[in-house]
Amino acid sequence: MQTWRVHRNGEPSEVMRLEETGRPVPGEGQVLIEVLAANINFPDALLCRGQYQVRPPLPFTPGVEICGRTADGRRVLAAPSLPHGGFAEYAVADEAALLPAPDTLDDAEAAALHIGYQTGWFGLHRRARLRAGETLLVHAAAGGVGSAAVQLGKAAGATVIGVVAGPEKAKAAARLGCDLVIDRHTQDIVAVVKEATGGRGADVVYDPVGGDAYAKSVKCVAFEGRVIVVGFASGAVPAPALNHALVKNYSILGLHWGLYRTKDPAAVRACHDALTRLAAEGAIAPLVSERVGLAGAADAVQRVADGASTGRITVLPRGAAR
């Protein structure tokens with residue numbers, strides 16, 4: 001089979017190599033899956049760089065979420081078991097963690113209704129307890145993780161303010177349903193949020209960026225607001241000033257979705273059921289901006305790493321790019 005493999009750590013476009021190998025052999029409790037679609041996530045770039053919290057042995061195949069088909073014909077969503085990731089014609093995954101792919105979504109869309117949407121759902125509902133009528137501020141609102149949070153926030157009845165970088169991403173965020181879009185290149189995030197909320201600020205902040213995004217968020221978070229720390233796509237890990245959290249009465253909430261898979265797998269399945277219902281109702285629809293063939297995976301991972309993508313780019317190992 002064809003598969004992308006990383007033999008040394010570095011930038012994805014430099015270290016990912018398309019090779020011919022044998023199919024991976026499932027271990028105990030695992031299953032071989034034919035990959036129908038593999039979504040590109042920022043952690044794939046971190047894996048290539050050797051900066052992710054999980055460091056698989058070299059060489060490995062990146063690709064942390066797929067829609068695929070099992071040998072018995074089931075169409076499933078899976079998080080492949082590294083080192084046999086999803087940027088390949090076949091991957092392996094734990095049988096117990098497989099989720100049924102929603103019938104209402106095509107392969108690329110279904111693959112996107114997994115990590116990003118699960119992260120958004122757990123962040124907004126389990127960690128921040130978002131309520132209808134509250135104001136939600138989403139950073140990187142046109143990206144893969146942010147776009148999911150925007151849609152889930154709207155589905156929950158929140159007023160959603162999206163922060164993006166540049167006019168094209170602003171258009172995408174508006175199409176997703178943001179009530180207000182802020183271009184951080186040309187607008188003052190803090191001033192716009194305070195003006196839009198009558199000085200109150202955002203009740204919930206969804207931050208997959210870190211760095212300056214976090215610093216601005218805590219300046220415009222509301223009384224008893226909640227800041228959800230999802231990741232650090234900017235590359236800068238903020239150091240929270242706890243005295244500031246104390247005097248403003250806001251909460252800083254960490255979210256590592258992967259822990260739920262081991263600590264509370266039943267909650268993951270319940271979340272998937274909720275997401276499947278929302279997709280069937282049309283309340284959420286994964287933003288797949290581009291579909292590429294297997295040969296284009298390394299270039300696409302690099303674009304995601306560079307912040308040059310909108311929504312999700314999906315790799316179709318056996319399908320034509322479009």
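Start where two helices touch: G116, Y117, G120, W121 and L124 of α4 meet A148, A149, Q151, L152 and G153 of α5. Sorted by class, this contact holds 6 nonpolar residues, 4 polar ones and no charged ones. Keep in mind that this is a predicted model.

How do the two helices sit against each other? Two packed helices are described by the angle between their axes and the distance between the axes. Here α4 (residues 115–127) and α5 (residues 144–155) pack at about 50°, and their axes are 8 Å apart. That angle makes α4 oblique to α5, and the crossing is right-handed.

Most residues other than glycine have a negative phi, and most peptide bonds are trans. Follow the chain on from α4 and you reach R129, in the loop between α4 and β8 (135–139). R129 isn't a glycine, yet its phi is positive, at about 55°. With 51% relative accessibility, R129 counts as exposed because the cut-off is over 50%. A140 sits in the loop between β8 and α5, and this non-glycine residue also has a positive phi, near 50°. Its relative accessibility is 33%, so A140 counts as partly exposed.

Two cis peptide bonds are worth a look as well. One joins L58 and P59, with omega at about -10°; P59 belongs to the loop between α2 (42–49) and β4 (65–70). The other runs from L82 to P83, with omega near 20°, and P83 is in the loop between β5 (75–78) and β6 (90–94).

Conventions: Residues are numbered from 1 along each chain as its sequence is written. This is a predicted model: local features need pLDDT of at least 70, side-chain atom pairs count only at pLDDT 80 or more; totals for chains, interfaces and linings use all residues. Side-chain values use heavy atoms; hydrogens and water are left out. Axes are lines fitted to C-alpha atoms, for helices over the stretch in contact, and angles run from 0 to 180 degrees between N-to-C directions. Helices (H or I, at least four residues) and strands (E, at least two) are DSSP runs, numbered from the N terminus. Angles under 35 degrees count as roughly parallel, over 145 as roughly antiparallel, 65 to 115 as roughly perpendicular and the rest as oblique. A crossing is left-handed if the near helix is turned anticlockwise from the far one by less than a right angle, and right-handed if clockwise. Contact means heavy atoms within 4.5 Å. Ala, Val, Leu, Ile, Met, Phe, Trp, Tyr, Cys and Pro count as nonpolar, Asp, Glu, Lys and Arg as charged, and the others, Gly among them, as polar. Buried means under 20% relative accessible area, exposed over 50%, partly exposed in between (1.4 Å probe, protein chains only).
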